[in-house]
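Please consult the structure alongside the points below.

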Amino acid sequence: MGRKRLITDSYPVVKRREGPAGHSKGELALKLEEEPQPPSVDEAELELLRQFDLAWQYGPCTGITRLQRWHRAEQMGLAPPPEVRQVLQTHPGDPRFQCSLWHLYPL
């Protein structure tokens, strides 16, 4: 009886090249392990607003601004996050903050 066949026996052996010329695995690993930069304040606020847009418990967000949606949710007793309102009031004229994720899509 011979050796037990493995599924890998049916595939040819392929030797992998080392990384790109001039780079060793250690250098690439160091570049990948660099700490990511923390998001800026605007990015963090925009992410908060995106999460508010995606939270369906506050009702639909198409056709109205985020602040209108926040007020509607408050009037209906749905307790929208107060930090969303604070962010919206600090950027009153900026459409990146005022318009929902879906404002570019036709109804």
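The model is a predicted one.

**Helix H3 and its buried face**

- Helix H3 spans residues 66-75, and its buried residues are Arg-66, Arg-69, Trp-70 and Ala-73.
- These buried residues line one face of the helix, because they fall within an arc of 100° when H3 is viewed down its axis.
- In general, residues three or four places apart in an α-helix point the same way, because there are 3.6 residues a turn.
- The partners against which the buried residues of H3 pack are helix H2 (41-54), helix H4 (82-90) and helix H5 (95-98).
- Gly-77 follows H3 and has a positive phi, near 75°.

**The largest nonpolar core**

- The largest nonpolar core comprises 11 residues, including Trp-70, Ala-73, Phe-52, Tyr-58 and Phe-97.
- H2, H3 and H4 are the elements that each contribute two or more residues to this core.
- Leaving aside residues up to four places away in sequence, Ala-73 touches Tyr-58, Leu-78, Ala-79 and Pro-80.

**Arg-66**

- Arg-66 lies in helix H3.
- With a relative accessible area of 3%, Arg-66 falls below the 20% cut-off, and therefore counts as buried.
- A polar contact of 2.6 Å joins the side chain of Arg-66 to the side chain of Asp-53.
- When residues up to four places away in sequence are not counted, the residues that Arg-66 touches include Leu-49, Phe-52, Asp-53, Leu-88, Phe-97 and Leu-101.

**Aromatic rings**

- The structure contains 2 aromatic pairs.
- One is formed by Phe-52 and Tyr-58, whose ring centres are 5.3 Å apart; their planes stand at 35°, so the pair is tilted.
- Phe-52 is buried at 3% relative accessibility, and Tyr-58 is buried at 9%.
- Trp-102 and Tyr-105 also pair, with ring centres 6.4 Å apart; this pair is tilted because the planes are at 50°.
- Trp-102 is partly exposed at 32% relative accessibility, whereas Tyr-105 is exposed, with a relative accessible area of 56%.

Methods
Residues numbered from 1 in each chain as written. Predicted model: local features only at pLDDT ≥ 70, side-chain atom pairs only at ≥ 80, totals over all residues. Heavy atoms only, no water. Buried < 20%, exposed > 50% of the residue type's maximum accessible area, 1.4 Å probe, protein only. Helix = DSSP H or I, 4+ residues; strand = E, 2+ residues; numbered from the N terminus. Arc of directions from axis to C-beta. Contact = heavy atoms within 4.5 Å. Core = buried A, V, L, I, M, F, W, Y, C linked by side-chain atoms within 4.5 Å. Phe/Tyr/Trp six-rings, centres within 6.5 Å; stacked < 30°, edge-to-face > 60°. Polar contact = N/O pair within 3.5 Å; in protein donor to acceptor, adjacent residues only side chain to side chain.
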